[in-house]
Amino acid sequence: MNNIYQEEKETNKNANNFIKLLKNIKENQIFYRTYFKLNFDKTFKKEQFEYDFHLAKNFYEDKYIEYHIEFFMAGFNAIVKKWLSNGCQESPEEINQIIIDEYKNKNIKI
């Protein structure tokens with residue numbers, strides 16, 4: 001998975017989209033189904049995850065970043081697992097938009 005975003009790493013530019021990863025998931029469904037079935041997502045180390053802390057600091061005023069990372073990763077994985085269980089019927093672009101829409105501040109009042 002690290003190779004998917006190699007260009008962004010080399011140029012130090014964060015595209016902030018998941019379409020490359022989602023295309024890879026759709027093209028390699030058996031691998032990713034196995035990955036989740038063997039619970040490798042539970043053993044994934046945050047140190048391997050290159051999180052955009054600068055962006056998070058702007059959005060969340062540098063508060064509770066570790067909680068934000070956990071929430072985001074769990075939500076992202078849940079969407080991918082659901083997509084895989086449905087045979088990746090939607091396009092990577094549609095799944096990317098679902099993630100964006102779910103992640104937006106909806107100004108929900110509790």
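Tutor: Contact here means heavy atoms within 4.5 Å. Keep in mind that we're looking at a predicted model.

Student: Okay, leaving aside its neighbours within four places in sequence, which residues is L22 in contact with?

Tutor: L22 is one of the residues that touch the most other members of the largest nonpolar core. Skipping anything within four places in sequence, its contacts are F76, V80, W83, P92, I95, N96 and I99.

Student: Which helix gives the largest share of that core?

Tutor: The core has 15 residues. Helix 2, helix 3, helix 6 and helix 7 each give two or more of them. The largest share is five residues, and it comes from helix 6.

Student: Now helix 7: within what arc do its buried residues fall, seen down the axis?

Tutor: The buried ones are P92, I95, N96 and I99. They line one face of helix 7, because seen down the axis they fall within an arc of 105°.

Student: How far apart in sequence are the parts that the E93 and K23 pair ties together?

Tutor: The side chains of E93 and K23 meet in a salt bridge at 3.9 Å, N to O. E93 lies in helix 7 and K23 in helix 2, so the parts tied together are 70 residues apart in sequence.

Student: Is E93 buried, exposed or partly exposed?

Tutor: Buried would need under 20% relative accessible area, and exposed over 50%. E93 has 38% relative accessibility, so it counts as partly exposed.

Definitions and conventions
Residues are numbered from 1 along each chain as its sequence is written. This is a predicted model: local features need pLDDT of at least 70, side-chain atom pairs count only at pLDDT 80 or more; totals for chains, interfaces and linings use all residues. Side-chain values use heavy atoms; hydrogens and water are left out. A nonpolar core is a set of buried Ala, Val, Leu, Ile, Met, Phe, Trp, Tyr and Cys residues joined through side-chain atoms within 4.5 Å. Buried means under 20% relative accessible area, exposed over 50%, partly exposed in between (1.4 Å probe, protein chains only). Helices (H or I, at least four residues) and strands (E, at least two) are DSSP runs, numbered from the N terminus. The arc is that of the directions from the helix axis to the C-beta atoms. A salt bridge is a side-chain nitrogen of Lys or Arg within 4 Å of a carboxyl oxygen of Asp or Glu.
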